[in-house]
Amino acid sequence: AADSQAEGQAGVDAYRDVLAAADGVRGNAAGLPSPAQYLALGLSELGSASAAALMGDVIDGKGRASVDTLTGLQSLAGIVSRVIAHSTQGGQSISEADFEALGLDASVLTSARAADLVARISGVGSGSVDSVAKLAALVDVTAPTAPVIDLVAGDDTINAGEQAFTITGSNEGGASVLVTLGGTARPATVSGTTWSYQLSAADIAAMEQGPETLSVTQTDRAGNTSPAVERAITIDTQSVGAAISLSRASIRSGQQMTVTLTFSEPVAGLELSDLSAEGGTLSQLAPNAGGSVWTASFTATENREDSTNVVRLADSYTALAGNPGVSAESASFAVDTRRPTATVAMSDTALKAGDKSTVTITFSERVADFDSGVDVSVGGGSLSAMVTEDGGTYLGTFTPDVDTEAAANAVTLHGHY
């Protein structure tokens, strides 16, 4: 009976000390219940010094209403016991609500931070968790540094052939990564300390053409989000635009024509095989310093007369940025390298002394630089300077030599004109 009375008194004394410590102000209690006192209350899970110390610190921060029932004490003791056990051997389930019940700041604690805290507690040893302050110190509230974005597509420009390019970078282990492009955040794939995100057609459409900014953040296991890191890139996936202009609308024998190709962006490696020309051949293909303007020389085919000829550009070339080329065609131009034909007629072919004959040369088309003194020779007489009114028919007067008798004389036209 005496033993029972002593045990009962020990329980009363222990409960009195619990209530005395529970004044809502942590750290001001003169003495906290011992492991033996917790045993007197039937809380055998608090038999270790570390468990008793943590339980005492929890009670010290509570008000009396939180610990004035055995049920309330048993609930707190169960949480404390799991925390201590987890610190030494792991394997315990501890929730966000459990940590808040122990006195951790609910405004700081989140489900992610609670889960991270459980991971941090595992195996640290009971001496690292035997007070609320030590538990609070293990809560990760520090944002990680910004992640890293690697060089994109080799030159930070995404061209048509790179629309499915995988953007990569580095991150803190265990973090999740968000990639923001075109105004929308997209989760990246994380493997250890590297992340990746493969672009899609929808991404390219969202970013549109021209300058764009990639923004990447990482969130650690505790739910803390880093500052954003940004990388300026350029979206250039449109096909190359091209226009062909000609220095002449028509070309004749002996003339050259310059063909100018103007592209919407620099082009590298353009070759004559990418071009074709009707009515002649192209040569001397060369770019300007920037590569967006190229020129070639056109030489017309001889003995050709055609008013509808074009220069064509095939789509077999690519831009310097890698974008595909598009075909183009020049305006139509005329080629006239066929030499004119001519007929020579005389008004009188049997001349005697005092006679003259009108010489008529009729060309198949108007001619230039015709000079009868150079381009025409006659036998058995002389020819006056020939004149024309339309550039196609020339008239002159043939005067036979005196004292000449010859049956075979001719007016000869030379091709100097």
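Author: Let us begin with residue classes: Ala, Val, Leu, Ile, Met, Phe, Trp, Tyr, Cys and Pro count as nonpolar, Asp, Glu, Lys and Arg as charged, and the others, Gly among them, as polar. On that basis, the lining of the largest pocket has 11 nonpolar, seven polar and seven charged residues. Please note that this is a predicted model.

Reader: What volume does the largest pocket have, and which residues are closest to its centre?

Author: Rolling a probe the size of a water molecule over the atoms shows where empty space is left. Here the largest pocket has a volume of about 510 Å³. It is lined by 25 residues, and L351, G380, F398, P400 and N409 are the closest to its centre. Strand β25 (residues 393–400) gives the most to this lining, with three residues.

Reader: How many residues line the second largest pocket, and of which classes?

Author: The second largest pocket, with about 360 Å³ of space, is lined by 13 residues. Four of them are nonpolar, two polar and seven charged. R252, S253, P340, A368 and Y417 lie nearest the centre of this pocket.

Reader: In what order do the strands of the open sheet lie?

Author: Strands of a sheet pair through backbone hydrogen bonds, either parallel or antiparallel. In this case five strands form an open sheet in the order β2-β9-β8-β4-β5, with mixed pairing. Its edge strands, β2 (157–159) and β5 (184–187), each pair on one side only. On average, neighbouring strands of the sheet are turned by 30° against each other, direction ignored.

Reader: How many bridges join β8 to β9?

Author: Seven bridges connect β8 (residues 210–219) with β9 (residues 229–236), and the two strands run antiparallel. T213 stands opposite A232 in β9.

Definitions and conventions
Residues are numbered from 1 along each chain as its sequence is written. This is a predicted model: local features need pLDDT of at least 70, side-chain atom pairs count only at pLDDT 80 or more; totals for chains, interfaces and linings use all residues. Side-chain values use heavy atoms; hydrogens and water are left out. Two strands pair if DSSP finds at least two bridges between them. Helices (H or I, at least four residues) and strands (E, at least two) are DSSP runs, numbered from the N terminus. Axes are lines fitted to C-alpha atoms, for helices over the stretch in contact, and angles run from 0 to 180 degrees between N-to-C directions. On a 1 Å grid over the protein atoms alone, a cavity is a set of points where a 1.4 Å probe fits but cannot get out, and a pocket is an open set with protein on both sides within 12 Å along at least five of seven lines; lining residues have an atom within 4 Å of a point. Grid points are joined across faces, edges and corners, and a volume is the space filled by probe spheres set on the points.
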